[in-house]
Amino acid sequence: GAAIAASKPSTVFVSHGTQCGRPHFSSINAAIAAVAPGGKVVVCRGVYNEDAVVTKPLRLIGHHARINPSSPVMQTNSPLYAQAGNNGVTIAAPWVSVSGVTVVGATGDGIFSFANHSRIVGNRAFGNAVTGIDLNGSSWSLVKGNVTERNTGGGITLANDAGGFIPGATASHDWIV
């Protein structure tokens, strides 16, 4: 419990090739698993073939980072893959902030949140099969200063139809700026 959380670093870095900080990971999901709750995952320049599934409160900060969950390998690790395909980022915990990432090529949404108090600020999502950014069953969340283009299902979606496959999901008090 608390001793394990206390031993986890509060900031971790993700990069391919040149390290941009320490502790260093080559995968976003490994960094998410390693960081302390409430910590920061800094994703450095590069292209990441992942569906980054966030399962604890944290800040995911991209610096010229591009996430493509479908190429070269189709990622199927999202807990909602069977219902919604893969996403670039799947927010499955409250109090998560995502900023500065570009998501392309998802078979689902670029950034998908079904958790409360999400902060999705300053990202880009284009060429995804569903929407660029999707708050579905997420309350008290903020979507601000993002760019979405050429997503088949639209740019930004506010919905509450996730309750059919996410128990207890409701949506209210969300802000799009």
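User: Hi! Where is Trp-95 found?
Analyst: Trp-95 is in the loop between strand E7 (89-91) and strand E8 (96-104). Helices (H or I, at least four residues) and strands (E, at least two) are DSSP runs, numbered from the N terminus. A quick note before we go on: this is a predicted model, with residues numbered from 1 along each chain as its sequence is written. Local features need pLDDT of at least 70 and side-chain atom pairs count only at pLDDT 80 or more, totals for chains, interfaces and linings use all residues, and side-chain values use heavy atoms, with hydrogens and water left out.

User: Thanks! Is Trp-95 buried or exposed?
Analyst: Trp-95 is exposed, with a relative accessible area of 52%. Buried means under 20% relative accessible area, exposed over 50%, and partly exposed in between (1.4 Å probe, protein chains only).

User: And what is the phi of Trp-95?
Analyst: Phi of Trp-95 is near 60°, which is positive in a residue other than glycine. Most residues other than glycine have a negative phi, and most peptide bonds are trans. Arg-150 also has a positive phi, of about 50°, and is not a glycine either.

User: Where is Arg-150 found, then?
Analyst: Arg-150 sits in the loop between E14 and strand E15 (154-159). With 60% relative accessibility, Arg-150 counts as exposed.

User: Which residue does Arg-150 form a salt bridge with?
Analyst: The partner of Arg-150 is Glu-149, with the closest N and O atoms 3.8 Å apart. A salt bridge here is a side-chain nitrogen of Lys or Arg within 4 Å of a carboxyl oxygen of Asp or Glu.

User: How many salt bridges does the structure hold?
Analyst: There are 2 salt bridges. One of them is between Glu-149 and Arg-124, at 3.2 Å from N to O. This pair links distant parts of the chain, with Glu-149 in strand E14 (residues 147-149) and Arg-124 in strand E11 (residues 124-126), 25 residues apart. Glu-149 counts as partly exposed at 33% relative accessibility, and Arg-124 is partly exposed too, at 35%. Through shared partners, salt bridges join Arg-124, Glu-149 and Arg-150 into one network.

User: New topic: which residues does the disulfide join?
Analyst: The disulfide joins Cys-20 to Cys-44, with S to S at 1.6 Å. A disulfide is counted when two cysteine sulfur atoms lie within 2.5 Å, and that gives a count of 1 here.

User: Which parts does the pair tie together?
Analyst: Cys-20 lies in the loop between strand E1 (11-14) and strand E2 (24-25), and Cys-44 in the loop between strand E3 (39-43) and E4, so the pair ties together parts that are 24 residues apart in sequence. The torsion about the S-S bond is about 70°, so the disulfide is right-handed. Cys-20 is partly exposed at 34% relative accessibility, while Cys-44 is buried at 10%.

User: Where are the cis peptide bonds?
Analyst: The bond from Arg-22 to Pro-23 is cis, with omega near -10°, and Pro-23 is in the loop between E1 and E2. Another cis bond joins Ser-71 and Pro-72, with omega about 10°. Pro-72 is in the loop between strand E6 (58-67) and helix H3 (81-84).

User: What about Glu-50, where is that one found?
Analyst: Glu-50 is in the loop between strand E4 (46-48) and strand E5 (52-54). Glu-50 is buried yet has no salt bridge, and the nearest side chain of opposite charge, Lys-56, is 13 Å away. For charge, Lys and Arg count as positive and Asp and Glu as negative, while His and the chain ends are not counted.

User: What does the side chain of Glu-50 reach?
Analyst: The backbone nitrogen of Ile-28, at 2.6 Å. Leaving aside neighbours within four places in sequence, Glu-50 is in contact (heavy atoms within 4.5 Å) with residues including Ser-27, Asn-29, Pro-69 and Gln-75.

User: Last one: how many aromatic pairs are there?
Analyst: The count is 1 aromatic pair. Phe-112 and Phe-114 form this tilted pair, 5.9 Å centre to centre with 45° between the planes. Rings of Phe, Tyr and Trp (its six-membered ring) pair if their centres lie within 6.5 Å; planes under 30 degrees apart count as stacked, over 60 as edge-to-face and the rest as tilted. Both Phe-112 and Phe-114 are buried.

Notes
A polar contact is a pair of N or O atoms within 3.5 Å; within protein, one must be able to donate a hydrogen and the other to accept it, and residues adjacent in sequence count only if both atoms are side-chain atoms.
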